[in-house]
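Me: I have a structure open and would like to learn how to read its features. Could you walk me through it?

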Amino acid sequence: MSKYEAEPEGAASQETGARKRGRPVQMDFEAREEVILDATHALMMERGFDQVTMSAIARRAGMSKRTLYAHFDSQEALLGRVIARVSASIFQPLPEEDQDRPFSERLDLLLTFNKPPGSDRHKLEFLRTMVARAQTYPALARGLVHEGRGRLTGYVRDEIMREITAGRLSLAPDQAALSADLIVSMAFGDPLVRLLDPEFAEPTPEILAERRALAVRLFLTGCAVKMGDDA
């Protein structure tokens, strides 16, 4: 069976009917792609991985599967784009106005991010399925790592390098990446716990803030350059 078969019920006729009723010219390529990405994102926040199918996405977007495949070669490519887009909105580099803040404040800002909307349970189930399907969807699994934690770790590494270059951290430049990974781990803990424990209780924002502050303090205490009495 062709991947274009079994399109959402009524999708093709709706598009044809829309043109017959004299609606405005169809959306351009970029606008249509945004609608597809938005629909996919919404489904990912609501459902488990197995339910975020191309058919479901097409129904949510009000388009045919043929239209989806004109934009994305596969479900994996489409989901990967959405993950990259969501991650870019959650994990962001420091804005220019915060570049001159003290190092501890810059770390705190980087390690603080807004959770995307949607049920925590659905998002967790999506991640659990992705772990189980990593061999089947290797590019998507790598994207989850690199676009999520990897993106954040990269921003933290850049700030650590700034401090090393300025002589304010007693670390070698080749330790910046490892140091960034360590502080991110301290701030957020082991992700396997929430994936493996069905009764895991998500920490409150207050607990996360306390843990984040402690992680930054421990890191700075261990890595700050010790200044002399007359410094």
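Reply: Happy to! Let's start with a term: helices here are DSSP runs of at least four residues, numbered from the N terminus. Please keep in mind that this is a predicted model.

Me: Which helix gives the most to the lining of the largest pocket?

Reply: That is H7, with seven residues. Helices that each supply at least two lining residues include H2 (29-46), H5 (75-90) and H9 (176-188). By class, the lining has 29 nonpolar, five polar and seven charged residues.

Me: Now salt bridges: how many does a search of the whole structure find?

Reply: Side chains of opposite charge can pair when their charged atoms come close. The search finds 16 salt bridges here. In one of them, glutamate 163 pairs with arginine 106, with the closest N and O atoms 2.8 Å apart. Glutamate 163 sits in helix H8 and arginine 106 in helix H6 (residues 103-110), so the pair ties together parts that are 57 residues apart in sequence.

Me: Where is the kink in helix H8 centred?

Reply: Look at glycine 150: helix H8 (residues 138-165) kinks there by about 45°.

Me: Which residues make the nonpolar surface patch?

Reply: Met186, Leu214 and Leu218 form this patch of about 250 Å². You will find leucine 218 in helix H11 (residues 205-223).

Technical notes:
Residues are numbered from 1 along each chain as its sequence is written. This is a predicted model: local features need pLDDT of at least 70, side-chain atom pairs count only at pLDDT 80 or more; totals for chains, interfaces and linings use all residues. Side-chain values use heavy atoms; hydrogens and water are left out. Patches are made of residues with over 30% relative accessible area and no salt bridge: like charges are joined within 9 Å, nonpolar side chains (Val, Leu, Ile, Met, Phe, Trp, Tyr) within 5 Å. Accessible areas come from the Shrake-Rupley method with a 1.4 Å probe; for residues, only the protein chains shown count as cover. A salt bridge is a side-chain nitrogen of Lys or Arg within 4 Å of a carboxyl oxygen of Asp or Glu. The bend at a residue is the angle between axes fitted to the seven residues ending there and the seven starting there. Ala, Val, Leu, Ile, Met, Phe, Trp, Tyr, Cys and Pro count as nonpolar, Asp, Glu, Lys and Arg as charged, and the others, Gly among them, as polar.
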